[in-house]
Amino acid sequence: MRILLVTASLLLALCSNGFAMVPTTVIRQDTTLQDTLNNDTLLVLDKKYSQLDSVFVLALTQSITQNPSKLAEFPGVGLQQFLKANAPGVYIQESTGEPGALQQMYIRGTAMPLLTKRDIYQTQPLVVLDGIPLISDEHPFAFDIQNYTFNRVGTATNLLSHIDMNNIARVEVLKDLSGAAMYGPMGANGVIILTSKNAGNKKRISFNSYVGFAQRPSVTTINGEYENDFRKQFYDRYTSNGRYTDNDVYPLYLSDSLNSSYYGPSNWTDSYYRNALVHNISADISGGSDRANFRFSAGNMKSQGVADETALNRYSVMFNINIKPLKWLLFSAMVNGNRLERDRNRSMRDRFSQMNYIPDLSSPLAPNNEVYKGYLSKFGDGFDDNFNNTIQGHGILTFTLGSFSLKSRLAVDYNEGYRDLFYARTLLEDNSYASNYYGFNQRLIFDNVASYNINLKEKHHVNLELGQSIQWDFFKYNNAYAYKGVNDFIKINLIESDPNNENYLNPLAFPRELVYKFLDRTRQNIFSFHGRADYAFEDKYSLSLLLRADGSSNAQPTSRWFISPVLSLGWNIKSDLLSDHQQVSRLHLRASVGRLGRLNAYDNFSQGPQYTADIGFTGNLTMAGYNGFAILSRPYTFGWVGYGIPWAYTEQLNLGVDFGFRNDRFRGSLDVYTKHDKNQLLGMPSYAEYGYSQAYEVGMNVRNVGAELLFSADVLKSDGKSLGWTSTLNFGFNENRLTALPGGADQIIIGDRLLRVGEPIDKFWLLENEGIYMSDAEVPVIEGQALAFNGIQLRGGDPRWRDVDGNHAINYKDKTLQGNIMPRIAGGFLNEFSYKKISLGLNFYYNLGRYLINEDVANRFNFINREGTTEISSVKEITFWEKRGDYTKYPIYNPWSPVIAYRSDQDLFLEDASFLKLRTVSVSYDVTEIFAKRMKFDRVYLYASAHNLFTLTSYSGQDPELVDYTGYDSGYGMPIPRTYTLGVKVNL
């Protein structure tokens, strides 16, 4: 047993030094077996996680480990920001710099086309905190009641913002099934494991704090004069005498050049942008004895946004305790609680989509600061209280009798969100608005794991494991909103809540006919069994076989269970063949193959044909009744759901090599993989004669293939007195292909996307632009018929779109698949320099082979079709008065043409969005010796950092990162700011 622990310790140390961005020790050097907590505090997590520390899994899986002590110095808000650029194969999509807003993570590509935000929910990796699988995003079922899906109703806050990196001792990313399969179907998209700092037997007090500011961006503002000159070039070319006609009423706000609100100073940025404060303070205390120890921490983080007075404020507490009353019994418990308070943006698009009400849009906000401040002051007549409470916790009992152990755990993850909102009538055509939202997500887990270790003749190591798990998930929300309150002073009394009042449940402050109430809930229960057998021969060969059975209540009764086998193999070539080779310090081959089920997020698919409340009116998608009577109908808008739906699943093959040369001075890993996700559901056009928009059918298959490299080198070895330089490069290459569609279809059109078998699922579907027809005579004519677009004859001033199929007609058949939304290569380049007590870090982040549509510029040129129309796409924010992009690179088309010359679905607006960012420059100085002379300090450490310093890109827009899953840069992403911080860490 002692040899097994020593071997595990050595292997873990090698992996940590080989894969960590900054070398870190994650296991004690003392492995002597004693009847104390010294041997147990590293194993207080569930058996799934502790297995990762075993000799078997370290030899079989690629586990990229990060050092959170460095990550905690970064002024990030969500876990996604901490992971960006730090692990190959992990792509972070940060579509806005608004603090606490939603962000996405993708490990080894995406398993399905991202057509809606519902798909994003099902492609996110599992995040595990101390063995607790977290609910990292709110369930998307609330989108069913929304006309607009820019944000989900409720708080729309990134739930992973509750992670306080000061509490985290280790971050691991598991990408192949050899490690991720232990978490069952929830790990099908990869697993990110967070391990909190352990309680200790020695009394210790630690403190970490930084303070800084985010720099206000420098932008080029414009006013009515600039906009008028911009439009004048179109009038000069395409109207008689450069004047508008009776059918084209020139916008009123541009028609009077004496209007100082629009033609005067464009200084709105004085109220919109700001230098913003960021700070974090965290302290913890730990201590105990040989039989019991604890750790308690508390902290506060505040991050203000540089735009629109946005901010996130977080309060955190965490408590860990370990008690060993008997030699064979260990009790461990953890509680982590947080409160997230978010000041959201005040954009009109988000406000109108929340209200389901679009007013007259003929006059946008004026760029004059005094006028803009008057508009902002109206928000003070209302409120927008937006906050989340989260709590995670577990209790674990571990029984150890020799080589046999039994671990029993009860764990919970709970979060709730509140949003109370009131807009005064002065903000919207004398129409006040109020809404109240409450929702919660709850996960309860009970599991048991038994294991038995066998050590034969110090050569053969065997571990046998059996486990059972039950998981209950419950998601719920209540949402109500109302219009036209009696006045702007009664803001919250939507209904009478006193049961003894005769007006019980009737609205008080709003007309009954204009109060809308929604509530919904959904559940999922998962029952799992697993068995695992691990075998290692000396330090040369490793083998692991996992077999698990998972049952889900979201699966149909005929397919409740899914069986998942995973086989992993390892060969330590260094130990077996090259033990005497001095130049090779490590050479290890890994392979894993297997399959794992994928969960359905919606319980709709478990029921077969169903009824729903779907009798909408007054612009609402769903209403639970009509004139006081409950109404049920077929789910025509959601789609037909039939019988015979099996589990979707992922099949994966991973081959990897870990290497080190010259005593690990040069080290790293290389992995190649294929990931084939099969049997996925897709809404296919069907049953239109019965009123359905689509039918969900099984059979969509997507394959991802790729390679990942992590290479680190000590370019200059430091002895503590000389200059040291460690450089680390990581990159992940990924490419996807659609291999099958339901029913054997070759292709399908969904919205503005074309999915074609054999092609990537993230390509844009665009018209090919070849210039401009300068006159009617240039338009091709065949047999007396001029070339037409969707039946509309092309004329001078129209785009010259390529007739791909050569049938002398431009339509959707001439659109081609181009570019790709996801980057082909993403990664980071990190450099650490050290000299005596001083260190310098440079962190670069890059995306290569990624494209986007500059819809922001397309909308600017398409002013005729957007002007004055009452639809959400025509909203002009205050940032309308900000110049972005190079306008000279686009042809001067006829904006009045019925073909909509500046439509965004053409490659005229397709741009290469590859970039390289200097993400972080950090300087630190260990001043322990200075302070230790006066007080007893274990360590005093000062640091300063600057972030997001520059971006190298050919993209003409504001920032190639600020794009969501659609690949369209709408211009709504707030800038990711340049941030400067000063911090201190103290250990007593």
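This is a predicted model: local features need pLDDT of at least 70, side-chain atom pairs count only at pLDDT 80 or more; totals for chains, interfaces and linings use all residues.
Local features here need pLDDT of at least 70 and side-chain atom pairs pLDDT 80 or more, while totals for chains, interfaces and linings use all residues. Numbering runs from 1 along each chain as its sequence is written, and side-chain values use heavy atoms, with hydrogens and water left out.

**View 1. Helix 12 (residues 348-355) and what covers it.** Helices (H or I, at least four residues) and strands (E, at least two) are DSSP runs, numbered from the N terminus. Eight of the eight residues of helix 12 are buried, so this helix is largely enclosed by the rest of the structure; buried means under 20% relative accessible area (1.4 Å probe, protein chains only). The cover includes helix 13 (369-377) and strands 14 (404-423), 15 (433-456) and 16 (460-483). Just after the helix, Asn 356 has a positive phi of about 55°.

**View 2. Ser 271 in helix 11 (residues 269-272).** Ser 271 is buried, at 13% relative accessible area. Its side chain makes a polar contact with the side chain of Asn 369 at 2.5 Å; such a contact is a pair of N or O atoms within 3.5 Å, where, within protein, one must be able to donate a hydrogen and the other to accept it, and residues adjacent in sequence count only if both atoms are side-chain atoms. Leaving out residues up to four places away in sequence, Ser 271 also touches (heavy atoms within 4.5 Å) Tyr 372, Lys 373 and Leu 376.

**View 3. Phe 937 in the loop between helix 17 (928-932) and strand 43 (939-953).** Phe 937 is buried at 16% relative accessibility. Beyond its neighbours within four places in sequence, its contacts include Phe 931 and Val 986.

Conventions: Buried means under 20% relative accessible area, exposed over 50%, partly exposed in between (1.4 Å probe, protein chains only).
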